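I opened this model to look up one residue and one chain contact. My notes follow in the order in which I took them.

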There are 4 protein chains.
Amino acid sequence: MKEITRTPVVILNFKTYLESTGEKALNLAKFSEEVANETGINIIVVPQHADLLRVSNEVKIPVFAQHVDAVEAGGHTGSVLLESVKMAGASGTLLNHSEYRMKLADIQKTVEMSYNYEMVSVMCTNNIETSIASATLQPNFVAIEPPELIGSGIPVSQAEPEIVEDTVDAIHKINTKIGVLCGAGISTADDMQAALDLGSDGVLLASGIILADDPKKALFNLVSKI
Amino acid sequence: MKEITRTPVVILNFKTYLESTGEKALNLAKFSEEVANETGINIIVVPQHADLLRVSNEVKIPVFAQHVDAVEAGGHTGSVLLESVKMAGASGTLLNHSEYRMKLADIQKTVEMSYNYEMVSVMCTNNIETSIASATLQPNFVAIEPPELIGSGIPVSQAEPEIVEDTVDAIHKINTKIGVLCGAGISTADDMQAALDLGSDGVLLASGIILADDPKKALFNLVSKI
Amino acid sequence: MKEITRTPVVILNFKTYLESTGEKALNLAKFSEEVANETGINIIVVPQHADLLRVSNEVKIPVFAQHVDAVEAGGHTGSVLLESVKMAGASGTLLNHSEYRMKLADIQKTVEMSYNYEMVSVMCTNNIETSIASATLQPNFVAIEPPELIGSGIPVSQAEPEIVEDTVDAIHKINTKIGVLCGAGISTADDMQAALDLGSDGVLLASGIILADDPKKALFNLVSKI
Amino acid sequence: MKEITRTPVVILNFKTYLESTGEKALNLAKFSEEVANETGINIIVVPQHADLLRVSNEVKIPVFAQHVDAVEAGGHTGSVLLESVKMAGASGTLLNHSEYRMKLADIQKTVEMSYNYEMVSVMCTNNIETSIASATLQPNFVAIEPPELIGSGIPVSQAEPEIVEDTVDAIHKINTKIGVLCGAGISTADDMQAALDLGSDGVLLASGIILADDPKKALFNLVSKI
């Protein structure tokens, strides 16, 4: 549940941008840690699988995986085993990201596996209906990202505030301990503030910071009004 | 082409066994290096994505990835970017493993990307027909693994020697520089020897070593008659 | 909701058996209609896409599709458009069958599309957790099929009766109008009776009838104790 | 091989447009037959799975499926069994369409199954490399469709004539009996003529006809200069 993660929270998804791969992933994680330390905000970084160890070895803020597969240890060449990302330093994982939609049966299994391995699960969803369905599976967080706003620069917290409010309400009817994150188009301090005002516990974002002219400054700005 | 990799070659696929994840991946890689150094055989280790850096930082033998996705840098959360595994120390990658079959268009794209990034590509195939089709895409290696023999303990080099010979012939008609590997049921020195006698350039194997009572001894035995 | 379909209901999935393809699909549907007429039981037949028209043209019992894709009219070569199966006579569809698991986002979309097109939606699930998640999406039916029992000949209604009861309870807490079906290992009158006694509204079955020595007799037997 | 299908050939893919679903699929097929009869051109129609029987019952021109799955008869709910589309009147099938890319292993299997069932196989490809790989699998036709031109209205035969010529050459080096089709952006008589002049055996097209103001007229025009 969200209580295992301090809120408000900023989850920074590194995606597969070159700007956040390899050494650049490490740099991004290091200044995310600086911002976290200076502001007291809980910032979580989410590098690619191959960068998890590099990042988790060098920073003390939480490091999450971008995805884990619904497989158990065995013959699954190429798949992402939950144990492998945990051993590489991940303390949580995104699931069902809009760029990696999962089957319902696999979502349920990976949430259960995450719980069993004491990993934080952040389930991404595309609308209120799938957010409610996801919440019944008891992930720690649901991050709602209306697909039409992803990468648009238009924050869901401003474009469709009622979606955020309604999702928060609906999820909390199922379990008040499930955190709700806003996850599309967020990049400014106002977006962040609006997300919190609508009842969410934080944001999931990527390009708004990673592709900014000055990512560190963008991240500082993001959390400057909290 | 295969000339960029010394043959005969033994490619040890770590799959997602717990016996080859995290610290155990590193141990496995270290004694693989010892065997390689003592015997002079070219042994390549293939850990999971999250273990690539851990392994490549500590051993000097080649480290390959188990898979890369046909994506370019950008918004592909959860996917495996070729650049990310290269920066984590991989100098090659398996593609189209029987446990991770790929679309033809993606196979072509990842072989081309591997070539452009100077990564060795090892294409797994299930029969002669797909081996020939794969060879036209000019990977460095084709590893043929008849699905009925995978994990069977029955080596393809003994059960279906004509498949190996015919595949070697067919692939060399396309390009003599493409290496051919035997990849199912291999575990003993006789299997290895038979594979080479049939004209292949080495083997791709996993459980025969990794799940052996004494993996290091099993690996020594494997290459003892070459 | 289930009230649009008379219960108890027997849904006969033709799968892709040759015994239920082409003319044989039609024969199977015709005697299913005979059994329905003689016994008064609501029997629904579920042939392959290419057999829908053949069957729906000749029988008056309901005909469902085995799957529809989450696509809207347009450029989706090879996909199964809901409108196409409806125009071919289907008045409902299975979704997320264990042999065709779907992504959560696609499940939600196809249930919504089914509702908009007045098609009955039958969501297949593998355990209580996914049944609850599915029920929040408001399909007409949820058919629970524990994967370990599918094709086993061991009926879920006898092997794991508490799963059926608990699923019925959990789903009815969400919406009492959602029907619950038992769907694994069902083949006899006792299985059917047990399914109803546990609170379900009927059964989803396939091989128990289709691969029986005398399918018509097997179907008569199935509903003989209701 | 292509000799089993008279060339030049026009393959009209109905996709999942509403304009080519249900009764409209039948209308489209009927006037395609009229144009074929009046002009002597070999026109093949490719409706959705659920429309195959409706169309094949009413027209004498060849009817192809849009896709078949690499499954054999058995428990594959929702999949498209080759036998089912054949029994519904299909005498051939598209494979690996850009909107339904297939795994290499499945492509090989479905081409082999098509051959065994005397179905014409039309393999769609995206570039020269995948066209060559596909040709080694010995389908009857390879239809090259550069993805950037699909639905663009810019014909591959004019935008990238060298791709068509090079593909024809490369495929004929493998087997002169494999037909080559042009498949992106084709809609006019000039496009068609250019395709044939470049050495192809015909065209695969969809929106250029189906979404035309007057599809019948558009189809007449298309073949008017051959």
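**Entry 1: Ala70(B)**

I looked up the accessibility of Ala70(B) and got 18% relative accessibility, so I put the residue down as buried; the cut-off for that is under 20%. The model is a predicted one, and I read the entries below with that in mind.

I then placed Ala70(B) in the chain. The residue is in a loop of chain B, between strand 3 (64-65) and helix 3 (82-87).

Next I checked what Ala70(B) touches, leaving aside neighbours within four places in sequence. I found Asp106(B), Lys109(B) and Thr110(B) in contact with Ala70(B).

I also took one distance. From Ala70(B) to Ala184(B) the C-alpha atoms are 26 Å apart in space, and the two residues are 114 residues apart in sequence.

**Entry 2: chain B against chain D**

I turned to the contact of chain B with chain D, to which chain B gives 17 residues and chain D gives 17 residues. The buried area came out at about 1,400 Å², with 71% of it from carbon and sulfur atoms. On the chain B side, Lys103(B), Leu104(B) and Gln108(B) supply 35% of the area buried against chain D, more than any other three residues.

I looked for salt bridges between chain B and chain D and noted zero. For polar contacts between chain B and chain D I noted four residue pairs.

Which elements of chain B give two or more residues to the side that touches chain D? I listed helix 4 (104-116) and helix 5 (128-135). Helix 5 of chain B gives the most, with five residues. By class, I counted seven nonpolar, seven polar and three charged residues on the side of chain B that touches chain D.

Notes. Residues are numbered from 1 along each chain as its sequence is written. Chains are lettered from A and ligands numbered from 1 in the order in which they are written. This is a predicted model: local features need pLDDT of at least 70, side-chain atom pairs count only at pLDDT 80 or more; totals for chains, interfaces and linings use all residues. Side-chain values use heavy atoms; hydrogens and water are left out. Helices (H or I, at least four residues) and strands (E, at least two) are DSSP runs, numbered from the N terminus. Buried means under 20% relative accessible area, exposed over 50%, partly exposed in between (1.4 Å probe, protein chains only). Contact means heavy atoms within 4.5 Å. Buried area is the accessible area (1.4 Å probe) that two parts lose on being put together, summed over both. A salt bridge is a side-chain nitrogen of Lys or Arg within 4 Å of a carboxyl oxygen of Asp or Glu. A polar contact is a pair of N or O atoms within 3.5 Å; within protein, one must be able to donate a hydrogen and the other to accept it, and residues adjacent in sequence count only if both atoms are side-chain atoms. Ala, Val, Leu, Ile, Met, Phe, Trp, Tyr, Cys and Pro count as nonpolar, Asp, Glu, Lys and Arg as charged, and the others, Gly among them, as polar.
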